[in-house]
Amino acid sequence: MTKPVVLVAEELSPAGISMLEEDFEVRLTDGADRSKFLPALADVDALIVRSATKVDAEAIAAAPRLQVVARAGVGLDNVDVEAATKAGVMVVNAPTSNIVSAAEHAVALLLASARNVSPAHAALKQGEWKRSKYTGVELQDKVVGVLGLGRIGVLVAQRLAPFGVELIAYDPYVQAARAAQLGVRLVSLDELLAQADFISVHLPKNKETLGLIGEAELTKVKPSVHIVNAARGGIIDENALAAALKEGRVAGAGIDVYASEPTTDSPLFELDNVVATPHLGASTHEAQEKAGTQVARSVLLALSGEFVPDAVNVQGGVVAEDLKPGLPLTEKLGRIFTALAGGLPARLEVEVRGEIVKHDVKVVELAALKGVFTDVVEEQVTYVNAPLLAKERGVDVTLTTSEESPDWRNVITVRGTMSDGQTVSVSGTLTGPKQVEKIIEINGYDMEIQPAEHMSFFAYVDRPGIVGIVGQILGDQQLNIAGMQVSRDSRGGTALITLTVDSAISTSLLEEIRTAIGADVARAVDLV
């Protein structure tokens with residue numbers, strides 16, 4: 001059997017390469033050389049790049065088999081995510097691989113700027129001993145303004161807090177309560193500019209942030225301020241910053257990123273009160289290792305049709321962090337639905353209730369569809385092709401949401417109407433600090449049981465002795481019951497047994513139990 005092909009277009013950690021070579025054919029090419037890169041894409045299933053390879057519409061069109069583009073790093077400036085999404089190609093990155101390295105580098109630049117490390121070092125190397133010229137400032141009791149309280153901004157704030165600073169931040173997408181938990185006071189951009197003794201930038205580069213700190217903003221800062229940018233080039237106007245530094249309106253700066261990279265020609269490089277580095281935020285051995293192994297893991301998941309936590313595009317939508325823990329549960333609900341229904345529905349409704357509906361929950365629908373189709377089609381089901389499978393098989397899919405969830409914080413329900421009018425439903429939730437998966441409803445029967453690798457369901461007329469019969473049959477076959485719940489609509493009415501067992505129940509054994517208890521429904525599903 002031919003192995004899927006993974007094309008590595010730039011340097012990747014040996015650990016990442018080793019992970020890939022276990023399951024895939026790994027090829028290497030020079031992504032910066034288009035004459036080599038484009039032809040190499042003809043038969044690849046996955047592409048791994050860093051920052052030098054341009055993955056544009058032309059490159060995506062040259063790769064008809066491409067399923068996933070993985071960026072071994074945080075930024076995606078060199079990947080046309082929109083073109084990839086239109087082509088049904090998943091895009092992933094390694095969002096946490098370099099966050100510690102980037103945060104530490106920002107702190108290093110801030111301290112180096114505060115203490116004039118760069119010019120003092122250069123002077124001493126040139127035989128000049130100038131202690132008084134390079135007198136610096138302490139951090140203690142100063143105000144540090146953090147622009148952006150994302151993962152890296154939070155790490156920077158946490159690392160600077162022990163210096164005895166007052167932390168303020170500007171981030172319109174963070175709630176004040178969350179900032180307060182971090183010991184940070186949220187302020188407006190103008191307030192931050194006016195109050196901060198040190199400013200550290202940790203914002204993504206987009207239309208809203210490009211040129212955010214320009215000539216007008218630099219007239220609002222203290223002349224003693226030190227400004228650090230280890231995030232993305234272009235957020236700070238380099239020419240405006242250079243002018244402010246020359247004119248004494250800004251005391252110092254630590255810069256790691258630039259509007260155009262690579263560069264050796266920034267006006268900032270001419271100034272003694274600037275410590276400049278060539279985009280070293282992610283340049284640690286640890287960060288490179290993490291980036292390589294994280295994207296290798298994402299490629300493994302993507303080519304296996306599994307949910308990829310670091311995917312940035314799932315049918316065009318960004319996956320919110322709050323939604324990710326519930327997606328494996330939703331897939332299981334979809335598989336249980338299909339097992340209970342015994343086939344595909346004519347209409348399928350995915351219902352999401354609770355506080356998570358404040359996010360774009362389209363990905364929950366995709367997870368449900370993946371689960372519904374996993375056990376009924378031959379081809380590999382993915383988050384990208386699941387909607388197409390539904391369309392091809394005439395399944396009408398709707399997604400409904402409601403903020404109201406009276407009994408549980410959040411509830412996800414997969415409900416379908418079969419061609420004969422029968423309705424089948426299964427609901428689940430995550431509970432507690434550990435986000436434990438629970439099935440809480442099946443076909444209107446309330447329950448609370450954790451999904452397991454092997455599950456069975458029996459619907460029958462409620463009467464004494466049924467549990468004993470089921471237990472006896474399974475015991476005779478040396479099948480151990482891990483969990484059991486009996487739910488009923490009324491005494492003597494209809495009841496549902498939900499079983500979790502340590503190993504799979506065969507079709508013949510399922511039929512034996514059904515006959516023995518006179519069950520109307522006897523279904524099993526193996527969630528492995």
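Where does Pro262 lie?

Guide: Pro262 is found in the loop between strands S11 and S12. The model is a predicted one, so every value that follows has been computed from predicted coordinates. The peptide bond that leads from Glu261 into Pro262 is cis, and its omega angle is near -5°.

A count of aromatic pairs in the model gives one. Its two members are Tyr258 and Phe269, arranged edge-to-face, with 5.4 Å from centre to centre and 75° between the ring planes. That angle is classed as edge-to-face because it is over 60 degrees. Tyr258 and Phe269 are eleven residues apart, and each is placed in the loop between S11, which covers 252–255, and S12, which covers 274–276.

Leu245 belongs to helix H10, which runs over residues 238–246. Its relative accessibility is 5%, and it therefore counts as buried. When residues up to four places away in sequence are set aside, Leu245 touches Val250, Ala251, Gly252, Ala253, Leu268, Leu271, Asn273 and Val274. By contrast, Val91 lies 154 residues from Leu245 in sequence, and the two C-alpha atoms are 40 Å apart in space.

A buried residue may also be examined in another helix. Ile60 sits in helix H3, residues 57–61, and is buried, at a relative accessible area of 7%. Beyond its neighbours within four places in sequence, Ile60 is in contact with Val55, Asp80, Ala83, Ala84, Ala87 and Val89. Asp43 is 17 residues from Ile60 along the chain, and 12 Å separates their C-alpha atoms. Thr85 is part of helix H4, residues 81–86, and is partly exposed, with a relative accessible area of 25%. Between the C-alpha atoms of Thr85 and Val107, which are 22 residues apart along the chain, the distance is 36 Å.

Nonpolar side chains in soluble globular proteins tend to be buried together. In this model, the largest nonpolar core contains 49 residues, and those with the most contacts inside it are Ile336, Val364, Phe373 and Ile439. Ile439 illustrates how such a residue is surrounded: apart from neighbours within four places in sequence, its contacts include Leu333, Ile336, Val426, Met447, Ile449, Pro451 and Met455. Ser427, Gly428 and Glu448 are also among the contacts of Ile439.

Asp141 has a phi angle near 70°, which is a positive value in a residue other than glycine. Asp141 is placed in the loop between helix H6 (117–125) and strand S6 (143–147). With a relative accessible area of 63%, Asp141 is exposed. Gln478 is likewise not a glycine, yet its phi is positive at about 60°. The position of Gln478 is in the loop between helix H15 (466–476) and strand S20 (481–488). A relative accessibility of 71% means that Gln478 counts as exposed.

Finally, the chain may be viewed as a whole. Its secondary structure comprises 16 helices and 22 strands, and its C-alpha trace spans about 95 × 55 × 40 Å along the principal axes. Of the 528 residues, 51% are buried. Among contacts between residues at least 6 apart in sequence, 63% join residues that are at least 24 apart. The chain exposes about 24,600 Å², and 50% of that area is supplied by carbon and sulfur atoms. There are 47 positive and 69 negative side chains, and the centres of these two sets are 3 Å apart.

To return to the part in question, Pro262 lies in the loop between S11 and S12, and the bond from Glu261 to Pro262 is cis.

Terms used
Residues numbered from 1 in each chain as written. Predicted model: local features only at pLDDT ≥ 70, side-chain atom pairs only at ≥ 80, totals over all residues. Heavy atoms only, no water. Core = buried A, V, L, I, M, F, W, Y, C linked by side-chain atoms within 4.5 Å. Buried < 20%, exposed > 50% of the residue type's maximum accessible area, 1.4 Å probe, protein only. Contact = heavy atoms within 4.5 Å. Phe/Tyr/Trp six-rings, centres within 6.5 Å; stacked < 30°, edge-to-face > 60°. Helix = DSSP H or I, 4+ residues; strand = E, 2+ residues; numbered from the N terminus. Areas by Shrake-Rupley, 256 points an atom, 1.4 Å probe, with all protein chains shown as cover. Lys, Arg positive; Asp, Glu negative; His and termini not counted. Charge placed at Lys NZ, Arg CZ, Asp CG, Glu CD.
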